[in-house]
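This briefing is meant to be read alongside the sequence and the coordinates. Please keep both open while going through the points below.

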Amino acid sequence: MRSTESSGVGAVGFDQRGTSPGFFGSLSPLTYAVAAAAIVGATLFVVSDAIRTFDDLTERQALLSRLDAVQPPLSSRFVAAAFEPLAVDTDQTTAITGITPRGALAYGLAFLFIGFSARRRKVAPPAIVGHQDLLSTIPFGVACWTPEGRLIVCNEQYRARLNAETHDVRPGASYAASVRRFVQGGYMQLISEDESNRVLELHREDGSCLMIDERPLGEGGFVTLVTDVTESRRTDHLLSSIREEQRVLARRYHEEKLRAEAASRSKTSFLAHLSHDIRTPLNHILGFAELMRQETYGPLGDDRYADYVESIRTSGERLLSFFASTLELAELEGGRRALNPIPLNVDELLVSATQRYSAQAQRKGIALALGAPTDAIVIGDKFSLERMLSNLVDNAIRFTPRGGRVTVAAHAALDGVVLEITDDGIGMSPERLAAVSQPFAFGDASLTRDRDGAGLGLAIARAIADLSGGHLAIDSRPALGTTVAVSLPQAGAMAPKVSAAA
């Protein structure tokens, strides 16, 4: 804290020393006008005097010239000719000598007139501001106290912040008594304290919160600064509550994520063991059904037995395919499928998938078309990518009615290859599309009349695409058809070698 002397505060405000405008800056505009007029008048006088003097000199020289024309005696002409240049120089010197003192006198009178007419600029005296007027300009509550804790002066903000009574803000009021009345129904909390100030928080009964900052004055007194921080504290509490809720939610999310991952691992392990354990006896059933169908050890007798055996074989094969798909999905999701990535020609993959399902498409009356070649090369596991394409083409054929069209195509770019399987079948709504994207989801039997399979085709294809470093996306519209696009990274460095080998 600085003292009054060092801060430069006096009875009339801050000291103006060092900021005076000087003598010329303090003259009035009228003084400047009078000075300009006097100097201009003196200058005009000097110029006029000089012109008049030189005119007189010129007339005199002309008169001498006329006298020479009268033809005086020889002696007189000789004397005149001898002294004529001297007379001319003497006249010019006399003229200049006469002009100088008269000009000096004119300028002297001008400056003397300026001196008599000089007036100082009227400067308004500094306004004397009282303590009450000064404190009223401060936007927060301020109160000054004596070393004994008696009120000196306070502003209206102080009264309003504390809802103070008249006797609490009267000069001479006790600080301790005022604090006791202010704290009634609430509590006072010390925030910080050191040699220069002390900060308190007053929590009142109505829920408001005031910050009281006490700072020392020069002669042992102190000043109290009161600020309403109710909204700030409420905001802080709200932010603290939000942060705490976020921490709780994050912890719960982490716990639920761990549970979900554990459940997924358990599900995958269960499906893997179940599929493996069921496939062994199921293969026995299929083997015995095939022996009975072939009548290897003699006829069965009744013809109906042949139909029963065929049903057993067909159902067993379908069930075996279901468990094989389940086991494959479990291996893919569990990361237990060992992939063998090698350079593969995309066109060859598409041709192989088209040839594999051309007969099935012909039986159903569907046109299976192949897109233009791309000569693109990808790095991937051949068996897995063939499996992925087979699932997608099989789904497109099964969900496309007779007379429809299925197109298998590829589009190459600089950063990858997109495989597209497009059909103009029944399509799906967004809700149905979200459902079939999950494992063990079936199409609508009322529309397709076909529920062969385990509903794992898309799930397996998506898992293979992810493991191959790609992404699978589906776009479908009811009655318009479905497009499944699989993006795979392209092997630019391996392309020349594979193309040359091919």
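The model is a predicted one, and its protein chain contains 14 helices and 15 strands. Of the 502 residues in the protein chain, 32% count as buried, and residues 24 or more positions apart account for 59% of those contacts in the chain that have a separation of 6 or more.

**Helices α9 and α10**

- Helix α9, which spans residues 346–364, packs against helix α10, residues 382–398, at an angle of about 25° and with the two axes 10 Å apart.
- Since angles under 35 degrees count as roughly parallel, α9 and α10 are therefore roughly parallel to each other.
- The crossing in which α9 passes α10 is right-handed.
- On the α9 side the contact is made by L349, L350, S352, A353, R356, Y357, Q360, A361 and K364, and on the α10 side by L385, E386, L389, S390, V393, D394, I397 and R398.
- Sorted by class, this contact of α9 with α10 comprises nine nonpolar, three polar and five charged residues.

**Helices α10 and α13**

- The axes of α10 and α13 come within 9 Å and cross at roughly 145°, and the crossing in which α10 passes α13 is left-handed.
- From α10, the residues S384, L385, R387, M388, N391, L392 and N395 meet G457, L458, I460, A461, I464 and A465 of α13.
- The residues of this contact of α10 with α13 divide into eight nonpolar, four polar and one charged.
- L385 of α10 takes part in the contact with α9 and also in the contact with α13.

**Burial of α13**

- Helix α13 covers residues 457–467, and eight of its 11 residues are buried, so the helix is largely enclosed by the rest of the structure.
- The buried residues of α13 are G457, L458, A459, I460, A461, A463, I464 and A465.
- Just after α13, G469 takes a positive phi of about 85°.

**Nonpolar cores**

- The largest nonpolar core has 42 residues, and those with the most contacts inside this core are M388, L392 and L419.
- With its neighbours within four places in sequence left aside, M388 is in contact with L419, A461, I464, A465 and V486.

**H203 in strand β6**

- H203 is found in strand β6, residues 198–203, and counts as buried because its relative accessibility is 15%, where the cut-off for buried is under 20%.
- Leaving aside the neighbours within four places in sequence, H203 is in contact with G186, Y187, Q189, S208 and C209.
- The C-alpha atoms of H203 and F182, residues that lie 21 apart along the chain, are separated by 9.5 Å.

**Positive phi outside glycine**

- D375, although not a glycine, has a positive phi of about 60°, and this residue is found in the loop between β10 (367–370) and β11 (377–381).
- With a relative accessibility of 60%, D375 counts as exposed.
- A479, likewise a residue other than glycine, has a positive phi near 70°, and its place is in the loop between β14 (471–477) and β15 (481–489).
- With a relative accessibility of 67%, A479 counts as exposed.

Technical notes: Residues are numbered from 1 along each chain as its sequence is written. This is a predicted model: local features need pLDDT of at least 70, side-chain atom pairs count only at pLDDT 80 or more; totals for chains, interfaces and linings use all residues. Side-chain values use heavy atoms; hydrogens and water are left out. Axes are lines fitted to C-alpha atoms, for helices over the stretch in contact, and angles run from 0 to 180 degrees between N-to-C directions. Helices (H or I, at least four residues) and strands (E, at least two) are DSSP runs, numbered from the N terminus. Angles under 35 degrees count as roughly parallel, over 145 as roughly antiparallel, 65 to 115 as roughly perpendicular and the rest as oblique. A crossing is left-handed if the near helix is turned anticlockwise from the far one by less than a right angle, and right-handed if clockwise. Contact means heavy atoms within 4.5 Å. Ala, Val, Leu, Ile, Met, Phe, Trp, Tyr, Cys and Pro count as nonpolar, Asp, Glu, Lys and Arg as charged, and the others, Gly among them, as polar. Buried means under 20% relative accessible area, exposed over 50%, partly exposed in between (1.4 Å probe, protein chains only). A nonpolar core is a set of buried Ala, Val, Leu, Ile, Met, Phe, Trp, Tyr and Cys residues joined through side-chain atoms within 4.5 Å.
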